[in-house]
Amino acid sequence: MLAEGAPAKGAPTKGALAKTEKPKKPAVPARPGKTAEAAKPDDGSPSRIRRAAAVLTRRGDRAIGYVALGLVAVLIAASVIVGLGAADALPKLGNLGAWLPSSGNGSASHVNGPTGRTDGRVPLPGTQGHPIQVAEDGTSILVVDQTTGVVSRIDPAQLSVPYRYDYGTPGLRLVSGGGSSWLVDEAQGGVRQINPLDLQPLSAALDLGDKPVGRAQADSRGTLWVPLPGKGQIVPVRGAVPGVAVAVAAPGSPLRLTLAGDRPVVTDPWAGTVTVVTPGGPTRQVTLPTVFGQGDGTRVLTPETTPGAVVPVLAGDTGTLVLVDLDKGSVTAVSLGIGAAAGSYAPPQVLGGRVYIPDRGHGNVIVYDTAKAQFDPQIAVTGKPGPLDSFVRDGMLWVNDQNSSAAAVIDAAGVAHPVGKYAADSPAGAGVAASDLPGRNTVDWKVPPGEERAAGGIGVGGGNGGNGGNGRNGYVNGPVGPGPAPQSSVPPSGGNEPGNQRPEPPVTVGPDGSGSVPVLPVPVVPGPVGGGNGTGTGTGNGRPDRTAYPGPTRTALPPGGGPVVPTPTAPATTEVPATTAPATTAPATTPEPPTTTEPPTTPPTTLPTTSPPTTEPPTLPQTPPGAPEATSGPGRIVLAFPPASGATPTGYTLTNLVSGQTVSPSTIAPGERLQFTVSGGSCDKEYAYKVVAHYDGGASATSTASTPVRPCTAPGSVGTVTATPSATGDGGTLGWTAAAAHGASKVWYTVKVGGGPDQQTGATTFAVAGLANGKKYPITVTAANAAGSGPASNASLDLTAPPKSPGTGQSGSPAPSSGSVAAAPGRLPPVRPAALGL
């Protein structure tokens, strides 16, 4: 639990590379007759140099003047460099980039998104081997060691850590947004606002009355949203002040919070709903397919943030993926067929029409193309089990395993760039000295255990290959020969620094062993061993018992569309040549002169003409198409599917239609768009379909069934709500226009008056009575059908006191105007709902 009251035990400290002010140069005194402009300090500008040259050339000794002029230029250049300081001597980081933590060596690396290159690295003493979390909010980069509770701030200009603060609590999580930052103790249900500049606490720990709390997120307006699963609520926090909690689920539900385009969205796996939340309450809800309520709700995964209106929801136990479109109120569902046996998964991410699912069990990323309704080849990041995490920022997907030097960045077109976080040519800052944080047992930044360079190893595509010129530098981490790791920090010759470095471009080798370097293709593959036409071994900086890391690569899929996890390449082995008998030397002999053969005197025999043998093409299997992808629509269901992977069918048809449903087109020929549209059906029911591939000879093959969905979407808004006060002044009548049904045969409306309970009606009017006068009551009306609810519409019923009627001394009846009404003192009784009328 975060400590209350008194400041935490660690005091904020300045880092070793804290930025200093530029030394101001003394002003040059003006000579008589000169203006004040001449008294400005020397700023090293070209005009100053020209004026100095003019003074010197007016003197008689031009040689001395030129020498002095050269000295002046050197001094000015030196003063400029000294004045800029260490920060300007470091390269600038890319604007489109992200900071990726590395627990293995206790550092954070800044990676340029468009290139995948590491352009800066900051060591974080004391974090080696600990889980590290980075929170970015504009130029604010904060890091928390989740084992010790030490929070650090990274200065990207200096590549340093100017401030650290020890909160002494393990398991803390940083959340930043809108210029504010918080520490969340999820296990104990505590929230504490901190200063993102010097990291000091701005308040005592805030107890939200529930523990554990869910994964909190902060929007761009500086509001922290914290799920309270035990209460079925989500609470907004501004600074250190909690707002009114919003009920979104039944108490005890395993809530999942996602910021979708900066909107807080809560997924309730048990109820099978996805709800958009505002400080005033829920504003839209989409119903998930019922298959989600049949699985393990604790294994339902959603991303922490997603850039648009589509929220991916993955059932980790069944492999069912649903894409919820919050704007349309629709769902797209498909069974990925990955199941629990394929490994554990990280939350899915959506980028550029594709869904990316990190597979932590194998170190790969599963890629699903929603437009084609089929899998793309997987992307190998590390190729081994590890805690893969991912997030979308600046139109790119970042995938990182903080226990490895490997990472990847993927653009919107699906092109993957490998990332070597320990790249030798990336600038590394000095970080912060261990003594800057008293009371902590910190360690120096070094290569993590198991990552040391091995002596005498043979790296994949090592440095200079044999006699054949310079071989390309391939990936390191290759299999290595026996031998202890050297204690020296100087890398052996050949190859790159330890870690998964960004690969060199492939080399085009000429006949003489020389080569040229073309542009690096994507995706990349490991380089050849050695180079040129030489022996091709070379020395590389591999790791013991590790296979070559080829960076993100694509893995082909088998027929049927199911993903294949690539088998890691086994370390190369060196075969021992068999023992042979020594060769014997024959005595030298004089060669015989060549004999001359006379041409034949008889005509040559003509051979009979034969036809080349004919090769029959292989017979491909008659396979079914892949699993259909079903998307709900207003009065329809759209089904897209991948083609059969074997022989080419003569056509495709759709089965499992019920009475009253029609399908268009009736048949799809090869080469046409693989998409059926089913019209009809009830919004109260879910429907599943199968696709049949037809072959010559009357054979056919049928796909698996689609995930059941409804032929409708959540209704639209009711528009403007009118609130007309009653003549007695103790209530009124609410009215609105009918919402678009979006394929449903019936729509009902939920009305909420003030703090009263939700009431439902099937009509477009609602009578409210028995309210206390002298108040204004907020009104919320939402339309709903079986697919969900539409956006909420708000109004206000004003029951403030009207003017008295002349000559009676009593309050007159109010005239309806924008929801204003007369009032009389009283208490707020329960709302009397109207009949549902459904």
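Modeller: The lining of the largest cavity divides into seven nonpolar, four polar and two charged residues, where Ala, Val, Leu, Ile, Met, Phe, Trp, Tyr, Cys and Pro count as nonpolar, Asp, Glu, Lys and Arg as charged, and the others, Gly among them, as polar. This is a predicted model, in which local features need pLDDT of at least 70 and side-chain atom pairs pLDDT 80 or more, while totals for chains, interfaces and linings use all residues. Residues are numbered from 1 along each chain as its sequence is written, and side-chain values use heavy atoms, without hydrogens or water.

The cavity holds about 80 Å³ of space, a volume being the space filled by probe spheres set on grid points joined across faces, edges and corners. Of the 13 residues that line the largest cavity, Thr287, Val331, Ser632, Arg710 and Ala787 lie nearest its centre. Two elements, strand E20 (281–287) and strand E25 (330–335), each give two or more residues to this lining; strands (E, at least two residues) and helices (H or I, at least four) are DSSP runs, numbered from the N terminus. Over the whole structure, the search finds three cavities of 30 Å³ or more. On a 1 Å grid over the protein atoms alone, a cavity is a set of points where a 1.4 Å probe fits but cannot get out, a pocket is an open set with protein on both sides within 12 Å along at least five of seven lines, and lining residues have an atom within 4 Å of a point.

The lining has 25 residues, with Gly281, Pro282, Lys752, Asp758 and Thr782 nearest the centre of the pocket, and by class it comprises nine nonpolar, 13 polar and three charged residues.

Strand E49 also carries Lys776, which forms a salt bridge (a side-chain nitrogen of Lys or Arg within 4 Å of a carboxyl oxygen of Asp or Glu) with Asp798, the closest N and O atoms being 4.0 Å apart. Asp798 lies in strand E51 (793–799) and Lys776 in E49, so this pair ties together parts that are 22 residues apart in sequence. Asp798 is buried at 12% relative accessibility, whereas Lys776 is exposed at 57%; buried means under 20% relative accessible area, exposed over 50%, and partly exposed in between, with a 1.4 Å probe and protein chains only.

Eleven salt bridges are found in the whole structure, and Arg173, Glu186, Arg215 and Glu304 are linked in a network of them. Because Arg173 is in strand E8 (172–177) and Glu304 in the loop between strand E21 (300–301) and strand E22 (305–306), the pair ties together parts 131 residues apart in sequence. Arg173 is buried, with a relative accessible area of 8%, while Glu304 is partly exposed at 33%. Glu304 also forms a salt bridge with Arg215, again with the closest N and O atoms 3.0 Å apart. Arg215 sits in the loop between strand E11 (206–207) and strand E12 (217–218), 89 residues from Glu304, and is partly exposed, with a relative accessible area of 37%.
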